[in-house]
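Visitor: I would like to learn how to read a model like this one. Could you walk me through its features?

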Amino acid sequence: MHENDRPILRVRGVVKRYGARAAVDGVSFELWPGEVLAVVGESGSGKSTLLNAVSARARPDAGEVEFLTRHDGPVDVYALSEAARRLLARTDWGFVHQNAAEGLRMNVSAGANVGERLMALGERHYGRIRAEAGDWLRRVEMDVARIDDSPQTFSGGMRQRLQIARNLVTRPRLVFMDEPTSGLDVSVQARLLDLLRSLTRQLSLAAIIVTHDLAVARLLAHRMMVMKGGRVVETGLTDQVLDDPQHPYTQLLVSSVLQP
Amino acid sequence: MNPTDLPAAVERDANFNFGYLDERTKRMIRRAILKAVAIPGYQVPFGSREMPLPYGWGTGGIQVTASVIGPQDVLKVIDQGADDTVNAVSIRRFFQRTTGVAVTERTVEATLIQTRHRIPETPLAEGQVIVYQVPVPEPLQRLEPRETETRRMHGLAEYGLMHVKLYEDIARYGHVATTYDYPVMVDGRYLMAPSPIPKFDNPKLHMNPALQLFGAGREKRIYAVPPWTSVESLAFEDHPFEVQRWSQPCALCGSTQSFLDEVIVDDRGGRMFVCSDTDWCRQRRPADA
């Protein structure tokens with residue numbers, strides 16, 4: 001499935017310290033076009049910090065993050081100018097927050113939320129923006145009649161869908177997700193996971209999903225990385241890691257999952 | 001009323017420094033103004049002083065006026081287009097008392113005009129300076145409350161968010177419902193709040209021969225549009241910028257090109273539309289009216 005022979009994201013030796021303590025301590029990995037990578041680990045293992053560092057939201061103290069751009073080949077994202085980095089972040093990338101309110105503008109309508117990236121890129125035709133927004137609401141299985149409603153009136157699951165639509169409207173090639181389904185009840189979670197799985201496949205999105213929920217990783221990810229204390233302790237194909245964990249910590253993690 | 005029938009002349013009070021502000025403050029503000037003129041539409045921070053009137057009454061405009069006014073200036077002060085409203089009368093008297101300059105109600109006679117909420121209908125000329133009182137200098141403030149973020153957006157010219165606001169208006173009301181303080185793009189670079197002038201006045205900002213200065217006292221910002229600078233009102237291709245129109249002319253002077261105020265004349269629903277710019281209206285009426 002990898003028609004491209006170069007990784008879309010190459011992370012080398014990323015270190016991020018908070019004071020003297022390293023929250024992420026020398027993490028390297030590669031992500032290929034269309035691949036979904038899950039980063040799992042307990043709270044405080046550094047997975048969210050790693051996500052922020054590789055998504056150019058927090059400059060790491062050491063290491064390199066190289067992204068394969070559409071036209072200019074691989075670039076070091078922290079060597080880009082701030083303007084170029086922000087442009088990249090709102091065109092070729094998406095970022096789905098755990099709390100949808102952080103990723104949405106809660107005081108403007110759903111349609112404006114989805115259209116914001118288009119307008120930021122210079123689209124100045126109201127009719128086209130609205131049509132595109134409606135189209136994306138449909139694709140995330142939302143009721144198009146709610147295009148003018150404020151996200152304040154939406155349930156948690158709908159807000160999360162809206163956040164996903166808002167990110168995908170520019171057809172990014174790489175999406176970062178920070179616990180996209182935690183905080184939702186299980187039935188809503190299941191439908192959202194289903195949607196995410198079909199969207200990543202249809203759009204051949206590369207994605208990094210940070211989660212503490214191994215079931216989410218199992219459903220969505222091709223490959224997973226297990227983190228503990230800021231380091232990667234195990235990495236491999238999702239099924240392989242979950243069915244035959246090698247590292248003691250991974251074994252503990254897998255055996256801690258409750259079976260209903 | 002005869003246009004020269006101004007309220008009894010106010011004597012200059014020698015106990016005040018010329019223009020009320022001390023010389024170092026004026027120098028600081030003039031520096032901010034020079035920077036603002038050099039970067040059209042850019043909000044220059046300045047050390048706004050306490051003024052003898054509350055914020056929101058024109059403290060920013062007064063400080064700018066006090067810093068650029070000279071003894072030879074002829075001052076006009078308007079509030080909502082009128083020369084005889086409380087704000088205008090008070091500020092005019094303030095400058096008469098602290099500078100002793102000549103004052104006028106005629107737009108053409110004035111060299112310096114301080115205004116709240118309007119641009120005079122009479123076209124301004126080269127050499128004139130117009131000072132706007134600004135309550136909220138940051139056009140993005142309602143949409144993005146973090147100032148660190150709005151400053152970065154100005155720095156990188158990321159103004160998509162302003163169109164989100166216009167989108168929201170159209171989605172909700174079917175048209176752009178913003179009728180005053182309508183956001184503009186200055187010289188193709190900086191997004192600017194034109195102060196709460198009606199959008200009817202926005203086209204007058206564009207390529208205006210006068211120097212336009214904006215002072216926000218509470219927010220401590222000064223910005224400017226130099227003469228002959230392009231000022232474009234934001235819009236969508238399929239929802240172009242439009243100004244207000246009235247179905248009737250001014251009831252007093254018959255003007256069809258001016259901004260009209262609706263005035264209720266009795267308690268039986270009687271109303272009339274009259275020019276908001278009192279000087280414009282008076283100049284157009286026969287002398288005996």
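Guide: In chain B, the axes of helix H1 (residues 23-38) and helix H2 (residues 59-68) come within 9 Å and cross at roughly 100°. Axes here are lines fitted to C-alpha atoms, for helices over the stretch in contact, and angles run from 0 to 180 degrees between N-to-C directions. Helices (H or I, at least four residues) and strands (E, at least two) are DSSP runs, numbered from the N terminus. This is a predicted model, in which local features need pLDDT of at least 70, side-chain atom pairs count only at pLDDT 80 or more, and totals for chains, interfaces and linings use all residues. Residues are numbered from 1 along each chain as its sequence is written, while chains are lettered from A and ligands numbered from 1 in the order in which they are written.

Visitor: How are H1(B) and H2(B) oriented to each other?

Guide: Two packed helices are described by the angle between their axes and the distance between the axes. H1(B) and H2(B) are therefore roughly perpendicular to each other (angles under 35 degrees count as roughly parallel, over 145 as roughly antiparallel, 65 to 115 as roughly perpendicular and the rest as oblique).

Visitor: Which residues make the contact?

Guide: H1(B) brings Lys26(B), Ile29(B), Arg30(B) and Ile33(B), and H2(B) brings Gln63(B), Val64(B), Ala66(B), Ser67(B) and Val68(B). Two residues are in contact if their C-beta atoms, placed from the backbone, lie within 7 Å. By class, this contact has five nonpolar, two polar and two charged residues (Ala, Val, Leu, Ile, Met, Phe, Trp, Tyr, Cys and Pro count as nonpolar, Asp, Glu, Lys and Arg as charged, and the others, Gly among them, as polar).

Visitor: In what order do the strands of the open sheet in chain B lie?

Guide: Strands of a sheet pair through backbone hydrogen bonds, either parallel or antiparallel. In chain B, seven strands form an open sheet in the order E1-E9-E8-E5-E4-E2-E3, with mixed pairing; two strands pair if DSSP finds at least two bridges between them. Strand E1 (44-45) and strand E3 (102-103) of chain B stand at the edges with a single partner strand each, so one side of each is left without a neighbour in the sheet.

Visitor: Which strands are joined to E8(B), and how do they run?

Guide: Strand E5 (residues 129-133) of chain B runs parallel to E8(B), joined by five bridges, and Tyr132(B) has Phe214(B) as its bridge partner. Five bridges also join E8(B) to strand E9 (residues 221-225) of chain B, this time antiparallel. Here Gly215(B) partners Ile222(B), and Gln212(B) partners Val225(B). E8(B) and E9(B) form a hairpin with four residues between them, and Lys220(B) in the turn has a positive phi of about 60°.

Visitor: Are the faces of E8(B) covered or open?

Guide: Both faces are covered: Leu211(B), Leu213(B) and Gly215(B) on one side and Gln212(B), Phe214(B) and Ala216(B) on the other are all buried (buried means 20 or more other C-beta atoms within 10 Å of the residue's own, exposed 12 or fewer, and partly exposed in between, with C-beta atoms placed from the backbone).

Visitor: Which strands does H2(B) lie across?

Guide: H2(B) lies across strand E4 (112-116), E5, E8 and E9 of chain B, at about 155° to E5(B). Helix H3 (residues 86-99) of chain B also packs on the sheet, touching strand E2 (74-79), E3 and E4 of chain B.
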